[in-house]
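Biologist: Hi, could you put the model up and walk me through it?

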Amino acid sequence: MPDDALITVTDATFAEVVLASPTPVLVDFWATWCPPCGPVARILGELAGEFAGRMLVAKLDVDANPATTIAYRVHSMPTLLLFNGGVVTSTIVGARPKTMLRQAMTNALSPYVNS
């Protein structure tokens, strides 16, 4: 599945799509000038299919959406933020292999419970 499988969010739609989502959301903060952003987006596009119905995978262009970028203190691209219930639960900065991204997404769906 190509990177166009990712949901595009903007400053205007971020609260509605990400913060109000009933399911966890992974947001890829990217830029056109960022060399590793393309490969990461392709990997996330593939993973979006694996996690369909359980997690939304979205992308936000940092240059076109400065308010959200600043609000979440994103300084490096790519930055991936995992949201659950409108709260950031995990952050990944930089390109990572598909196995690591899959594991981070799986962990977000089944959080550790100390019993």
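Modeller: Here is a short tour, from the whole chain down to single residues.

Biologist: Great, what kind of model is it, and how are the residues numbered?

Modeller: It is a predicted model, with local features needing pLDDT of at least 70 and side-chain atom pairs counting only at pLDDT 80 or more, while totals for chains, interfaces and linings use all residues. Residues are numbered from 1 along each chain as its sequence is written, and side-chain values use heavy atoms, with hydrogens and water left out.

Biologist: How many helices and strands are in the protein chain?

Modeller: The protein chain has 4 helices and 5 strands, where helices (H or I, at least four residues) and strands (E, at least two) are DSSP runs numbered from the N terminus. Starting at the N terminus, the order is β-α-β-α-β-α-β-β-α.

Biologist: And how compact is the protein chain?

Modeller: Its radius of gyration is 13 Å, close to the 13 Å from the globule rule for 115 residues, so the protein chain is as compact as a globular protein of that length. The radius is taken over C-alpha atoms, and the rule is 2.2 Å times the number of residues to the power 0.38. Along the principal axes, the C-alpha atoms fill a box of roughly 45 × 25 × 20 Å.

Biologist: What share of the residues is buried?

Modeller: Buried residues make up 40% of the 115; buried means under 20% relative accessible area, exposed over 50%, and partly exposed in between (1.4 Å probe, protein chains only).

Biologist: Where does Leu26 sit?

Modeller: Leu26 belongs to strand E2, residues 25-30, and is buried at 0% relative accessibility. Beyond residues up to four places away in sequence, Leu26 touches Leu44, Met55, Leu56, Val57, Ala58, Leu80, Leu81, Leu82 and Met105, a contact being heavy atoms within 4.5 Å. Leu26 and Asn84 are 58 residues apart in sequence, with 8.9 Å between their C-alpha atoms.

Biologist: What about contacts across the whole chain, how many link residues 24 or more positions apart?

Modeller: Counting contacts with a separation of 6 or more, 74% are between residues 24 or more positions apart.

Biologist: Switching to Thr79, is that one buried or exposed?

Modeller: Thr79 is buried, with a relative accessible area of 5%, and lies in strand E4, residues 79-84.

Biologist: Which backbone oxygen does the side chain of Thr79 reach?

Modeller: That of Ser76, at 2.4 Å. Leaving aside neighbours within four places in sequence, Thr79 also contacts Val27, Asp28, Phe29, Val74, Thr91, Ile92 and Val93.

Biologist: Which residues does the cis peptide bond join?

Modeller: Met77 and Pro78, with omega at about -10°. Pro78 is in the loop between helix H3 (66-71) and E4.

Biologist: What is the phi of Arg73?

Modeller: Arg73 has a positive phi of about 50°, although it is not a glycine. Arg73 is also in the loop between H3 and E4, and is exposed, with a relative accessible area of 67%.

Biologist: Last one, where is Ala52, and how far is it from Asp63?

Modeller: Ala52 lies in the loop between helix H2 (37-50) and strand E3 (56-61), and is exposed at 54% relative accessible area.

Notes
A polar contact is a pair of N or O atoms within 3.5 Å; within protein, one must be able to donate a hydrogen and the other to accept it, and residues adjacent in sequence count only if both atoms are side-chain atoms.
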